Amino acid sequence: MIDDIRVGALIASSSIKRGNKKTLLFIVFVLSLIFMNLVFLPSMIGGMTVLFTGIMQDYPYGDIVIEPTGDNTYINNADNVLQKVRAVEGVRAATKRLDVGASIEHKQNVVGVTVTGVVPTEEYEISQYPYIIKEGDFLGELSRDEIIIGSIISGTSTTFGEIYDDLGETRVGSLVDVTYSNGVKRTYKVKGIMEGNFELVDLNAMVHYKEIEDVYGLDKGKATSVVVRIDEPGTEDEMKAKIREAGVNEQVFTWADKSETLIRQALQSLGAIDVMSKFVGLIVGAALILIIIYINILNRKKEIGILKAVGVTPRSIVLSYTFLSMFYVSLGIFAGLILYLSLMFYFQANPVTFYGTMQIRPQIDVMLIIQSIVTMLTLSVIAGTLPAWSVSKESILKAIWGR
């Protein structure tokens, strides 16, 4: 077997030295593009996932979110829950929120929204809401008759302005009428307009937590969610367990638990395109190698017959074409890796920007790269072996005569 390997390697080396260098460059170029096809799109999808999950953490869910159990509308003892959560080692900050449905009216323009009641001073450590105020200011501790509205609602969004209904260029200082889901109607002055360039943020409004309590006649301590931020990213599952151990009986979710469905739906189409693109790329790569090896064999049939006549085993001949195929693919992978890493460094420095401020930086997945390398090498062995094995079974005379 060792002798067969040595002879096969010698034949493959001789074939490479005598081969056309321009053809070799073309083959390597095509194979490098096929490798790029396997790893580039998943890297971009990974970047989009990081972007969307970051939005989930920075706005609605934090690192961990606690919600009512069963069919309950509210967490009835939110202050007690907050006390327990804040005592857990590793928790950086926590706050309570009240989300309710409402409609906002301004100059006969009406828009349906979710109004979130927040404790303004606590949001600075929990979310990015206070930092995305494009006009005016964020809510203060005494902001009982004031409201923050998203840029889509106000009609000032530069990204989604023509997609959604709005209040018609509502500005800071404008008076708006809010009719809550229980029928209570209140008039608020717009204190600020927030813009996160994401529908989940820019279609909502915010008022003081006590305002929602008053409108709905709620006892103190009720909340629709308790949002938690932790010290060490990546330890969400561990902190989730600690919070439960601290005596919190409500439903506890990590940001990944809550955003998984939304992100999966958002990226499902891209995932399907990625799978199809990989499948087609691998088929093209395998077909390319198969055709190259097959044409090579047809042109060297007589040489193969002579090699068999002088005692070279069929196994050595098959191995020579397997090595030849692996050589082509290895060069293609190497060139593809250089191209891939060059693009990764470029997009890290110059991220893809859309909606004005949202930036996608591709994520390098080492396991994906290794997986792609192994897949292409496996295909090269199969594609190089099949035609060589078929010809090696022919008789010596038939091979020499090229029939």
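Is Val-329 buried or exposed? At 2% relative accessibility, Val-329 counts as buried, where buried means under 20% relative accessible area, exposed over 50%, and partly exposed in between, with a 1.4 Å probe and protein chains only. The structure is a predicted model, in which local features need pLDDT of at least 70 and side-chain atom pairs count only at pLDDT 80 or more, while totals for chains, interfaces and linings use all residues. Residues are numbered from 1 along each chain as its sequence is written, and side-chain values use heavy atoms, with hydrogens and water left out.

Val-329 lies in helix H11 (residues 314–349); helices (H or I, at least four residues) and strands (E, at least two) are DSSP runs, numbered from the N terminus. Leaving aside its neighbours within four places in sequence, Val-329 is in contact, meaning heavy atoms within 4.5 Å, with Leu-31, Ile-289, Met-376, Leu-377 and Ser-380. The C-alpha atoms of Val-329 and Leu-379 are separated by 9.1 Å, although these residues stand 50 residues apart along the chain.

In soluble globular proteins, nonpolar side chains tend to be buried together. A nonpolar core is here a set of buried Ala, Val, Leu, Ile, Met, Phe, Trp, Tyr and Cys residues joined through side-chain atoms within 4.5 Å. The largest such core has 44 residues, of which Ile-66, Val-85, Ile-104, Val-115, Ile-147, Tyr-180 and Val-228 touch the most other members. Strand S2 (residues 91–106) gives the most to this core, with six residues. A second, separate core of 25 residues includes Val-65, Val-118, Leu-139 and Val-201.

Two glutamates in loops can be set side by side. Glu-195, in the loop between strand S7 (185–194) and helix H6 (199–202), counts as buried because its relative accessibility is 17%. The side chain of Glu-195 makes a polar contact with the side chain of Lys-134 (3.5 Å); such a contact is a pair of N or O atoms within 3.5 Å, and within protein one must be able to donate a hydrogen and the other to accept it, while residues adjacent in sequence count only if both atoms are side-chain atoms. Glu-232, by contrast, lies in the loop between strand S9 (225–230) and helix H8 (236–245), and at 54% relative accessibility Glu-232 counts as exposed. The C-alpha atoms of Glu-232 and Asp-63, 169 residues apart along the chain, are separated by 9.8 Å.
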